[in-house]
Amino acid sequence: MGYTRKLAIRNYIVEGFLILASLIVLLPLVILIFGSFKTSAEVLSFSLSLPDTWQFSNYVRVFEEGGLSRAFLNSIWITGVSSVINIVASSAASFILARRETKVSGAIYMYFFMGLIAPMSIITTIRVVQGLGFYGSITSVILIYAALNTAFSVFLYSGFIKTIPRALDEVAFLEGASVFGVFFRIVTPLILPVNATVAIMVFMSVWNDITIPVYFLTDSSTWTMPLSIYNFYGKYSRDWNLIFANLVLTSLPVFILYLFGQKYIVSGLTAGAVKG
Amino acid sequence: MYRGEIKIYNRDCKRIHIKFIKRFRGGFALKTHKRKKAASIVLASLLSISLTACGSGGNDSGTAAGGDSKGAKVTLELAISKSSQDSAFIQQDILDEFEKQTNVRVNLQLIPAEQTTTVLQTKLAVDETPDIIQYNLASAVTDLNLERNFEILDNEPWASRIVNKDVLSSGGHLYSFHVSQDTGMQGVVYNKQIFEDLGLSIPTNYEEFLAICEKIKASGITPVFMPYKDAWAANIWPAAAFADFVAKNDPTFFDDLNSNKKKWSDIPEFKTFLEQQYEVYTKGYTNTDVLSDSYDMAVGKFLNKEVAMMFMGDWLIEGVAEQDPSMELGVFPIPSSQDASLGASPLGGQLFIPKKSKHLEEAKQFLNFIASKEVAQQIVDSKGYVSNFSDVTTPELPSYKQDIVDNYITPKKTVLTTDAYMLVDRSELYRLLQDQFAGGLTPEEVLKAWDEKFSQLMQDKGVAGF
Amino acid sequence: MKRAKNLYSYYMIYPALLIYSIFFVIPAIAGFYYSFTDWRLDRLELQFIGWDNFNKIFSDKTLILALQNTAIFAIVTVIGKNVIGLLLAVGLNMRLRTKNLLRAIFYSPSILSILVISILFTPMLRTEGTINNLLEAVGLHSLSQAWLTNPSIVIWTIAIVSIWQSAGFQMAIYLAGLQSISQEYYEAATIDGASSWKSFFKITLPLLLPAININLMLTLIGGLKVFSEVYVMTGGGPGNASQVVGTIILRSFGEGNWGLGTAVNTLLFVVVTIIAIPLLIFMRRKEVTE
């Protein structure tokens, strides 16, 4: 009893401490959310106070002036497709690289890893896309995003796929499964926590990016949601309350995705298999 | 071994994995080959779906708003900063009218304000040039390499009707288009109401300026607002002060400077001017957070009557008036010397045509259209510009503008600020000024460091003499 | 037996390899070439000038300051993000009631783009801003600073903001790692009478190596290549006080000296590679494969 009791107390202390710590994190976010409901003058104090009146009209205005419905669709499409391509391709590649421990696979791994360090060069990328003949198209942006995040995804997957025991593969092979089958049917579900984590991170990184669309999408009707914030950078001043409302709306989809994906990260299946 | 009965336990000790393995039996061995194909087909189709679906998306937008567009309809790409969205040239009614008359559509490429320069530079570098660009002439010289990239417009049909060619030219040739000959006046923007209330008159020299600052401070209002987080704002005073001094005492200075015969540190008065601006701060006549307050706070500060003055251009007056037409602001010259002249630098918002535009003819057609008497008059009237066309009349100007015209432009008490003579980027100078305000550099050190950087930049650029 | 090694066919690597090579590697390598030229905004012709750009780099005083700042930023953020991230993960891996809510809260700052962060924090960090006001309210007036305008602490401020934003990200990765450690190990250890500290150091940390490796690499590379955080919060200022290598590159581009900017970028690439690759190899060797 003493041990369990101690455990329970320890948990409470930790929980209490963490709740306190979370307030540090919440502070600026609360300012953001409250600010988005304030009037233009009120928001300038950047304080924790509640709005005098809740200006829901801010959100309506932001939605309309920012063309958010179109921007949202653009973002969803671009982010969704490029994330899916990236995750599927990268996890498949990492699987092979993790299983085949040869010099070649090691070299390929390094090749991918360098992508984390090497700087992206916008001008030369534009030239490549021009050469392929589809500069300005959404497809080019999707493929660029898929490429840019490959290093990150491969890096993350490689680390975790190693924790899946080979024994599982071997059994499945004995059953006549192909390597595709092993990967998609056995390994992928087992690395669900990692899949969810990587998926959310790649999605987030693509969603929030504001440089690629500016250089590669010439038609502003194809712009993504985060860029809509520039609608509210006035010539002489900034309407912070509208900007905040815009930020809240833009961050909402990713946040919802995270809450949704949390479930899968939490319900993690253990990689430890018990052979019976 | 154990055929297909690997049991995986999750954290709740439930057996969940057996099903997977069981499914492998039977069907799998036969379908191995097909599975492999299936997976690669899935991947390939994902790619092709996005290619086809989005490929059309990319082309679609080109003719989206056209409606009845049959045949090869030309679309002009006009690149403009998002913050200039209220520019008269791109108002929808003008674009629609143009399309009606010529069947040429104008598509706006909006660029986020902060990235306008880099995006345009990149586009020019990769030959993805828009057909028309709206930009600031003075900056275009250095930022966008005006001479190399843009068409000379000397022989356009409307060129002969231009009254003031200087505000649209560089190096003797006409490069840009505007219906207005407004220049941005840079000096001390001030709240007329406050001056009246406190019985203050416009200072004619530095000592008088300090005196009125003292009076304003005593009344509880911050005399001067300095938003020097935006480093360029710290250069308004020096740019005007230097130019004014040089115009009266050393007219060839800038030529000498640009051919390395003289340096910034050579003129001791420059040091004084930098000291002056800093003194206003140290004497407590400004906002406390000089280095963290930014330009976008300025309008609010004036509207709330928290500040009385600011070293800025007269475009600020317009911004405040938009929010509150009852505010009366004016501008007087930077009081760095006795009876200084009002600084002037070309305004932005001119239209340029890149040489590599894919639709040169149509682009020039657009300029013709705007230059036409009716359209130009319409624009000039709606925006209150000083007309730059011989056959377009200037409407009644807002009072502050009229004041400027009467008190400074007509009696020729203006002087072009140093910006007009610069061939290189001045960001480092702005940063050095920030350093001065952070207490790190003396005016001497600022000028010396800027001299070094300046000659290095000129050398990199290949200017003769460096 | 049949196709022992070739069971894991290379076909599955091709999609990733293809996309990555075409849209990233080729442009990146082509980009490096410009470091050896006098590529400028104003010049039409491009001339190969060999190591000239690099010589110029080493004689630039502001660059020394930038290197210092970059080093400070990297060290502070690597330590801060990883320690805090790990502590959070361990804490939130326990059976707590508000576990899910807390995880979402701590992760949320990393969902916001850096633009958002700067827009939020820059006004709050003013001398009369929210942060200092709060400090005064709890009586810690002496701690209030000119966070973003005091040249000696500005880079530290930016580092702290970066940690605030990213620790949740590190936490998420550590959590994924912790979740893949089988409970059996702990149960066996408890049966053997090990204390929680011991099981932490002997079981958790070693089995967490993949996650540690990932976080270490990401924070290190991110720290050395830092750009947006500094650029949006101070632009390298006040003056040049918070310049880092990333912003110096932009400065060169702004001055029209594109070849030089690319050269600094290439140099950064080389430096990060020299630091990261040996570390990576070292860590990979230590990872436990089952």
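Predicted model: local features only at pLDDT ≥ 70, side-chain atom pairs only at ≥ 80, totals over all residues.
Read along the sequence, that gives the pattern α-α-α-α-α-α-α-α-α-α-α-α-α. Taken along the principal axes, the C-alpha atoms of chain C fill a box of roughly 75 × 70 × 30 Å.

Now for the partner in chain A. The contact draws in 101 residues from chain A and 90 residues from chain C, and the two chains bury about 8,800 Å² between them. Carbon and sulfur atoms carry 75% of that buried area. On the chain A side, the residues that lose the most area to chain C are Arg100(A), Ile117(A) and Lys162(A), which together make up 8% of what that side buries. As for specific polar pairings, the count of salt bridges between chain A and chain C is 0, while 10 residue pairs are in polar contact, with both residues at pLDDT 80 or more. Helix H1 of chain A, residues 2-35, provides the largest share of the side that touches chain C, namely 18 residues. Sorted by class, this side of chain A comes out at 74 nonpolar, 19 polar and 8 charged residues.

Next up is chain B against chain C. Here 29 residues from chain B meet 27 residues from chain C, and about 2,600 Å² is buried between the two chains, 46% of it on carbon and sulfur atoms. Across this interface there are 4 salt bridges. Glu428(B) and Arg251(C) meet in a salt bridge through their side chains, at 3.4 Å from N to O. The interface of chain B and chain C also has 10 residue pairs in polar contact, both residues being at pLDDT 80 or more. Several helices of chain B each put at least two residues into the side that touches chain C: H2 (27-63), H4 (116-125), H5 (137-143), H17 (427-437) and H18 (443-461). H18(B) gives the largest share, with 6 residues. By class, the chain B side splits into 6 nonpolar, 8 polar and 15 charged residues.

Salt bridges can also be counted over the structure as a whole, where a search of all chains turns up 21. Within chain B, the side chains of Lys73(B) and Glu99(B) form a salt bridge at 2.7 Å, N to O. Lys73(B) sits in the loop between H2 and strand S2 (75-81) of chain B, and Glu99(B) sits in helix H3 (residues 92-102) of chain B, so the pair ties together parts that are 26 residues apart in sequence.

Helix H9 (residues 236-249) and helix H11 (residues 268-282) of chain B pack at an angle of about 145 degrees, and their axes are 10 Å apart. The crossing of H9(B) past H11(B) is right-handed. From H9(B), the residues in contact are Trp237(B), Pro238(B), Ala241(B), Phe242(B), Phe245(B) and Val246(B). They meet Glu269(B), Phe270(B), Phe273(B), Leu274(B), Gln276(B) and Gln277(B) of H11(B). Taken by class, this helix contact has 9 nonpolar, 2 polar and 1 charged residues.

Definitions and conventions: Residues numbered from 1 in each chain as written. Chains lettered and ligands numbered in written order. Heavy atoms only, no water. Contact = heavy atoms within 4.5 Å. Buried area = accessible area lost by both parts, 1.4 Å probe. Polar contact = N/O pair within 3.5 Å; in protein donor to acceptor, adjacent residues only side chain to side chain. Helix = DSSP H or I, 4+ residues; strand = E, 2+ residues; numbered from the N terminus. Nonpolar A, V, L, I, M, F, W, Y, C, P; charged D, E, K, R; others polar. Axes fitted to C-alpha atoms, helices over the stretch in contact; angles between N-to-C directions. Left-handed = near helix turned anticlockwise from the far one by under 90°.
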